[in-house]
Amino acid sequence: MKIGFIGAGKVGVSLGKYFAEKGMEISGYFSRTESSAREAAEFTGSEFFLSPDQLIIGSDAVFLTVTDGAIKDTYLSLPKALLKGKQLCHCSGAMSAEEAFPDILDFGAKGTSIHPLFPVNSKSESYKELKNSFFCIEGDCAEEWKDIFSALGNPTRIIDSSIKIRYHAACCVASNLVCGLMEESKALLEQCGFSGDEAIAALEPLVMSNIRRILAVGPTAALTGPVERNDVSTVKKHISCIENDTDSDIYRSVTKKLTEMAQKRHPESDYTEMKALLR
């Protein structure tokens, strides 16, 4: 299978390099910016194309690794006569293959969404860590791509298109929302006199130890702190020292979830006062 990429951003370049390192054949790249396609092709040992038509002709599977908002429009702009017998793939976690590639079967082609549960943040480095990534797959060729990634050593799961957005919300909670919580923690430490760098350095062992514990035993069993101890007075003091309404809402909302977890862990305890405080 020859794999081509329309779009030479971080995801397209990282995935192409990962495939190439694993011995798969990369046909090459097309991008609106010729220089980025050239760079991606050189980095992955493949070719660059001056038009999407040429790339489609030279590929068996074409990944549309453009921004999520541009995937469908890019697909609609492709010459449909060239798509017969081809596979089209995208890497959006929120969009199903059917949403991205409407009526694709009518053109004799197939569509698949392939989403790595991994924060791809570098064109030149992220591919090295994709070997550890879990991939969720959905669409017409899901079974085929599941076999491909399994052979590469990646854990995979085929998901139904109807739950794609719920799946993506789960990914964002574990990744993007954590960034928001860390920013809030950093800001509170800065109010205590820490510099930004000092705050991050101080939080690192706390965060890393907590994450390791969560991954080992699960979030509920890993829970510690005032909510788990049903220490209402401390939580009340926390709320009183957080002055910004948005930040206070974040603290209250997440603490409500922690209270549910604590109640589950300690069904014999009465969390009524804690719940009332958080209303």
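Trainee: Is valine 120 buried or exposed?

Mentor: Buried means under 20% relative accessible area, exposed over 50%, and partly exposed in between, with a 1.4 Å probe and protein chains only. Valine 120 has 16% relative accessibility, so it counts as buried. This is a predicted model: local features need pLDDT of at least 70, side-chain atom pairs count only at pLDDT 80 or more, and totals for chains, interfaces and linings use all residues. Residues are numbered from 1 along each chain as its sequence is written, and side-chain values use heavy atoms, with hydrogens and water left out.

Trainee: Where does valine 120 lie, and which residues does valine 120 touch?

Mentor: Helices (H or I, at least four residues) and strands (E, at least two) are DSSP runs, numbered from the N terminus. Valine 120 sits in the loop between β6 (110-116) and β7. Contact means heavy atoms within 4.5 Å. Not counting residues up to four places away in sequence, valine 120 touches Lys10, Val11, Ser14 and Ser126. Look at serine 14: it is 106 residues from valine 120 in sequence, yet the C-alpha atoms are 7.6 Å apart.

Trainee: What does the protein chain look like overall, in helices and strands?

Mentor: The protein chain has 13 helices and eight strands. Its C-alpha atoms fill a box of roughly 70 × 40 × 35 Å, taken along the principal axes. Of the 279 residues, 41% are buried. Among contacts with a separation of 6 or more, 56% come from residues 24 or more positions apart.

Trainee: How many residues does the largest nonpolar core have?

Mentor: Nonpolar side chains tend to be buried together in soluble globular proteins. A nonpolar core is a set of buried Ala, Val, Leu, Ile, Met, Phe, Trp, Tyr and Cys residues joined through side-chain atoms within 4.5 Å. Here the largest has 27 residues, and Ile3, Phe19, Phe63 and Trp145 have the most contacts inside it. Two or more residues each come from β1 (2-6), α1 (10-21), β2 (25-30), α2 (34-44), β4 (61-64), β7 (135-139) and α6 (142-152). The largest share, five residues, comes from α6. Another core lies apart from it, with 18 residues, among them Ile71, Tyr75, Met95 and Ile104.

Trainee: Which residues is tryptophan 145 in contact with?

Mentor: Leave aside neighbours within four places in sequence. The contacts of tryptophan 145 are then Met1, Ile3, Phe19, Ala61, Phe63, Gln87, Cys89, Thr112, Ile114 and Ile137.

Trainee: How do I read a pair of packed helices?

Mentor: Two packed helices are described by the angle between their axes and the distance between the axes. Axes are lines fitted to C-alpha atoms, for helices over the stretch in contact, and angles run from 0 to 180 degrees between N-to-C directions. Angles under 35 degrees count as roughly parallel, over 145 as roughly antiparallel, 65 to 115 as roughly perpendicular and the rest as oblique. Take helix α8 (residues 176-190) and helix α9 (residues 196-217): the angle is about 125 degrees, with the axes 9 Å apart. That makes α8 oblique to α9.

Trainee: Which residues of α8 and α9 meet?

Mentor: Met182, Ser185, Lys186, Leu189 and Glu190 in α8 meet Gly196, Ala199, Ile200, Leu203 and Val207 in α9. For classes, Ala, Val, Leu, Ile, Met, Phe, Trp, Tyr, Cys and Pro count as nonpolar, Asp, Glu, Lys and Arg as charged, and the others, Gly among them, as polar. The contact of α8 with α9 has six nonpolar, two polar and two charged residues.

Trainee: At what angle do α11 and helix α12 cross?

Mentor: The axes of α11 and helix α12 (residues 245-265) cross at roughly 155 degrees and come within 9 Å. The two helices are therefore roughly antiparallel. Val235, His238 and Ile239 in α11 meet Ser248, Tyr251, Arg252 and Thr255 in α12. That contact divides into three nonpolar, three polar and one charged.

Trainee: Which residues other than glycine have a positive phi?

Mentor: Most residues other than glycine have a negative phi. Aspartate 103 is one with a positive value, near 60 degrees. Its place is the loop between α5 (97-100) and β6, and at 55% relative accessible area aspartate 103 is exposed. Asparagine 230 also has a positive phi, of about 60 degrees. Asparagine 230 is in the loop between α10 (219-222) and α11 (232-241), and is partly exposed at 24%.
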